[in-house]
Amino acid sequence: QYRVRAYYTNGSTTTYSSYTNISGTTKPSNMTGLKATSTSSSVTFSWDKNDSATGYLIQQYKDGAWTHLRQLARNNVLSYTATGLAPSTIYQFRIRAYYTNGSSTTYSDYTTFRAMTKPSNMTGLKATSTANSVTISWDKNDSATGYLIQQYKDGKWTHVRQLARNTATTYTATGLTPSTTYQYRIRAYYTSGTATTYSDYTTISIKTTS
C-alpha cells in the first residue's frame, strides 16, 4: 500500500496537498518443474507447488486459439490429465498461477509446453514357426512411423530389428534351435522432427517345430 501527495514551495514556504492512497498486489511467481508423460490418448503434466498461488489455470491450444481446460482452486493440486487425445500427435498446453485476495486476483505469466502422445499399441500379433525359424506378423499401425522388435535371450531383452516403415508387418528370425520356445516383443514408434515416442510392448511366445 502506498500514498502520494503534491507539495509546492515558494521561498521558505511549502504547502502540501492531501494524500491519495493506492494499493497493489504483486503477481504470484511463475510456474516451475513442469513435466509431462503421455499415453496414446492422454497427456498428464505435473509441476512444483507454487507457494505464492491460490491455484492454477490450464489452457490448451486448439483450433487456432487458446482454450480454457481447467481451473484448479488449490495450490497443492500438482497434476492434470488431458484425455480423449489422438495418438502420435503433438499437443500444446500452458499453465499459470493465480492469487486471490478478497475481490482482487493477480496472475503469473503463462508457462507453455508441448507434449506428444504415444502411438497406439500393437494389435493382431501372430506367430508361426519351422524347426529353425519363427515368423511374427501384426496389424499395420497407422499411428506409427515403424516398429522395434526384441528377443528375450541370455536373461534379457535384446534388440533384433528396427523396421522403418509402418507398412512392414512381418519379421522372420532364422538360425533357431528345433523344439525350443522363443519369446519376442514389439512396439510401435512415432518420430516427428527430433522427438520420438513409443507404444507399450506387446509380447508373444512360440515354440519351433521338431
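Predicted model: local features only at pLDDT ≥ 70, side-chain atom pairs only at ≥ 80, totals over all residues.
Residues are numbered from 1 along each chain as its sequence is written, and side-chain values use heavy atoms, with hydrogens and water left out.

**Exercise 1.** Find the strand order of the open sheet of three strands.

Solution. Strands are DSSP runs of E, at least two residues, numbered from the N terminus. Two strands pair if DSSP finds at least two bridges between them. The order is β5-β6-β9, and the pairing is antiparallel. The edge strands are β5 (35–38) and β9 (79–82), and each pairs on one side only. On average, neighbouring strands are turned by 20° against each other, direction ignored (axes are lines fitted to C-alpha atoms; angles between N-to-C directions run from 0 to 180 degrees).

**Exercise 2.** Trace how β5 connects to β6.

Solution. Start with the link: a hairpin of four residues joins the two strands. Next, take the bridges: four of them join β5 to β6 (residues 43–46).

**Exercise 3.** Which rings form a cluster, and which charges sit over rings?

Solution. Rings of Phe, Tyr and Trp (its six-membered ring) pair if their centres lie within 6.5 Å. The structure holds 10 aromatic pairs. Ring pairs link Phe45, Trp47, Tyr56, Tyr80, Phe93 and Phe113 into a cluster. Now the charges: NZ of Lys or CZ of Arg must be within 6 Å of the ring centre and within 35 degrees of the ring normal. Arg3 lies over the face of Tyr19, 3.7 Å from the ring centre. Arg185 has its charged end over the ring of Tyr201, at 3.8 Å from the centre.

Key
Phe/Tyr/Trp six-rings, centres within 6.5 Å; stacked < 30°, edge-to-face > 60°.
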